[in-house]
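Reader: Hey, could you walk me through this one? I'd like to start with how the chains hold on to each other.

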2 protein chains.
Amino acid sequence: MGKFLNSFSTRHLLVTSLALNVSLLLMVFFKTGADGLDGVSLLKQVVTLAAIGGLLSELHAFHRTQKTTTSASSSTVTIANLGKDRVIDLDHGDPTMYERYWQQVGDKSSILIPGWRSVSYLSDPGNVCWFLEPEFAKQVTRLHKIVRNAETEGRHIVVGTGSTQLVQALLYALSPQDAKEPINVVSAAPYYSCYPDITDCLKSGLYKWAGDARSFNKDGPYIEIVNTPNNPDGTSGQAVVNRSRGTLIYDLAYYWPQYTPIASPADHDIMLFTVSKCTGHAGMRIGWALVKDLEIAKKMIKYIEITTIGVSKDSQLRAAKVLTVVSDSVEHPKKKEESFFDFGYSKMSERWKLLKAAVEQSGLFTLPELSPEFCKFSGKLFGTQPAFAWLKCNGPVEDCEALLRENKILARSGKHFGASRQFVRISMLDREENIGLFIERLSKIRIEKPM
Amino acid sequence: MGKFLNSFSTRHLLVTSLALNVSLLLMVFFKTGADGLDGVSLLKQVVTLAAIGGLLSELHAFHRTQKTTTSASSSTVTIANLGKDRVIDLDHGDPTMYERYWQQVGDKSSILIPGWRSVSYLSDPGNVCWFLEPEFAKQVTRLHKIVRNAETEGRHIVVGTGSTQLVQALLYALSPQDAKEPINVVSAAPYYSCYPDITDCLKSGLYKWAGDARSFNKDGPYIEIVNTPNNPDGTSGQAVVNRSRGTLIYDLAYYWPQYTPIASPADHDIMLFTVSKCTGHAGMRIGWALVKDLEIAKKMIKYIEITTIGVSKDSQLRAAKVLTVVSDSVEHPKKKEESFFDFGYSKMSERWKLLKAAVEQSGLFTLPELSPEFCKFSGKLFGTQPAFAWLKCNGPVEDCEALLRENKILARSGKHFGASRQFVRISMLDREENIGLFIERLSKIRIEKPM
């Protein structure tokens, strides 16, 4: 498979971009809208490339600031090599996009933890979830009530070392302990690529991965994981098996208003959330489950007790703090300060507009169509702007991941998601300069015509 | 089984205790030594009870101070009910004894974490253990070099959500992926009661618990966990199976100079440590492994990636801070400030002297004999003063846990450790008032003679 790089130079690109006011460009985009981008015209190409260039230029400036900040505060944040030839890793969904918001917010999101804190396994001895920090639980409930994205009444909160641990705690809790055969675990393809590994890594006798929920036709009990909006493709999903003996786990990691319209509070028996995709603090390793059934919650707690004897208190305290700042930014907005969800929504919206334009310009790729819906939280009408781009390579390209790799973009092949290699999943939550470079490169990918 | 409570009243006890200077009592104990307590005399009973009372009285004073401190700093530390009839839970090894040290140390062990920290999964992208905070790794190495309790040269550090997760990461890493039968996992009884649960909770096809290493006589590969000094009985251990196809995991959670003499740096291929038992910060959920073989380290890292996508950065940062304070307290001692290990050693020494005296007074129990050895770190000659008392009920008592429960002391029955019900494991790391009350109650337990 051959390709050639567009001869449009980066220097040229930057000169063009600097000549145009970014806000004007965004205004043009907003007026044009996604539907207005049907015809590929010279003007639009210039606008797209200039906007990407503008994004990059803005990012260069940001990075200079960040360099000073981080140096002053002895941070370990890696200042990425801004060289145009470097490899861009968008394989993982590392939500570094949010770092900027938290730097802007400043001191009020900081936390001082005295040395004597965390000298005990216990956080709340009277609670069935004895390792749950009360302040974290309080802020989780508060935020759900503000965003109205999940019912919390009549639910037990179980905290986990990320929602990844909570998925395992649920598999443990929902599997019959005395069954002859492990229970089947399914999810509709394309499914989150980690579900199979999480399920099968220890070859458990309690549960086993049974693949795509759409092709599942076995009798007996099963567990179906419904991820909505879905990682990788951003679609809103429902259970697909719908047999009598199933238990559903709703993984709602991305059911937040920066990604998707909040139509109504999710009201399922078992729901999972994670700080990583809500506030961007992936390094905290904090997730939470809202669970109706006390016995299921107790078994999950038992699993977390056996495998990690609870969950980091320090990260729960920090998570409580950043959730407080998020809720405050909505409930008590201040002039000149962006609310957290406005920041997230704007970023995602801007990135998706540029990506769609670049995809259109290239002509080689397609993206899922996600219809607009009304968001009761923001009052906006918009289509899901997912944390990942689920990109399909059209025509002769059989291995999209390989094509991108040749162009120094690392993405995760569709094969890991129960889909074909024509697809790749690309993180849209990375730092600005990486997203900018990725979109720039994508827009320039061409396939050599067979001789 | 019947029993009666000694009629010696708490009021009497407190009056006696207040009449005696605590330091004088401790001096008497130090001079007498463990060997000097053979004969049960009236004088010794008075001294024992008075010392226990003195300990309690000191603790009441401490708690009054703590109440003020914690109230001022909005702490969530639970001020225990000091009622004489309350149940004392010493089942878990909650290391709350150390809280006092960290309160005394004050601000220099505090840490300010800005809101933008932890907005990434990655801690050290260039390291094979990409989720390891460099400062934590640095302080782990520094402390081992200062205490000389483990070789760090030529080892990879793998951080885990407590050493509990690292045990599982090792089982995953050391199990052949393609074997027909799960590999056997053993440990010499009495073994840490969590090993069987950790190993078998998911009915893994990779490994299975095979019980007491002393009775293991199967062919084929196996994994032996050597816990030294051993939880629950404090003995120093070596591998006992010694067949050709075994891999050894050394769990060195308690190989620190407050518990046991440091004879030489441990120099095994796989060694485990945990912050919980070193500094007392159990709520951080941070452990570390020192691993010689890169391929084993890589597999462990893979396991942690699959099951929790790394380890809390916040807790690693906090752990780095408290380890720094510990090392500084040894390397740069200050007047009027106790070094961390001096604090821990003194506490353990004091508690064990009182416990031994109480056991002797009761006549109902025995404790393991742990011979003195020379500690190269402290220059002291002493026998291991374990984090747990491995108490045996003598004579007619068949269920030691039940006997203690009747006396409102919760402990863990020997049956969970592959031993008989005549044994119980009792935490010696709890808060002062609990240890004081426990020792007081233990000293007064009597068995009704059969009619």
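This is a predicted model: local features need pLDDT of at least 70, side-chain atom pairs count only at pLDDT 80 or more; totals for chains, interfaces and linings use all residues.

Reader: Which helix gives the largest share of chain B's side?

Author: Helix 10 of chain B, with five residues.

Reader: How much area do the two chains bury between them?

Author: About 5,400 Å², with 57% of it on carbon and sulfur atoms. On chain B, the residues that lose the most area to chain A are B:W116, B:Y121 and B:L202, together 15% of what that side buries.

Reader: Ok, new topic. How many aromatic pairs does the structure hold?

Author: Over all chains, 44. One of them is A:F216 with A:Y222, a tilted pair with 5.5 Å centre to centre and 50° between the planes.

Reader: Are those two buried or exposed?

Author: A:F216 has 8% relative accessibility, so it counts as buried. A:Y222 is buried too, at 2%.

Reader: What about A:F340 and A:F341, how do their rings pair?

Author: Edge-to-face, 5.3 Å centre to centre with 75° between the planes. Both A:F340 and A:F341 are buried. They also belong to one aromatic cluster, with A:W102, A:W256 and A:F377 among its members.

Reader: Which ring does the charged end of A:R425 sit over?

Author: The ring of A:F388, 3.7 Å from its centre. Likewise, the charged end of A:K380 sits over the ring of A:Y345, 4.3 Å from its centre.

Technical notes. Residues are numbered from 1 along each chain as its sequence is written. Chains are lettered from A and ligands numbered from 1 in the order in which they are written. Side-chain values use heavy atoms; hydrogens and water are left out. Rings of Phe, Tyr and Trp (its six-membered ring) pair if their centres lie within 6.5 Å; planes under 30 degrees apart count as stacked, over 60 as edge-to-face and the rest as tilted. Buried means under 20% relative accessible area, exposed over 50%, partly exposed in between (1.4 Å probe, protein chains only). A charge sits over a ring if NZ of Lys or CZ of Arg is within 6 Å of the ring centre and within 35 degrees of the ring normal. Buried area is the accessible area (1.4 Å probe) that two parts lose on being put together, summed over both. Helices (H or I, at least four residues) and strands (E, at least two) are DSSP runs, numbered from the N terminus.
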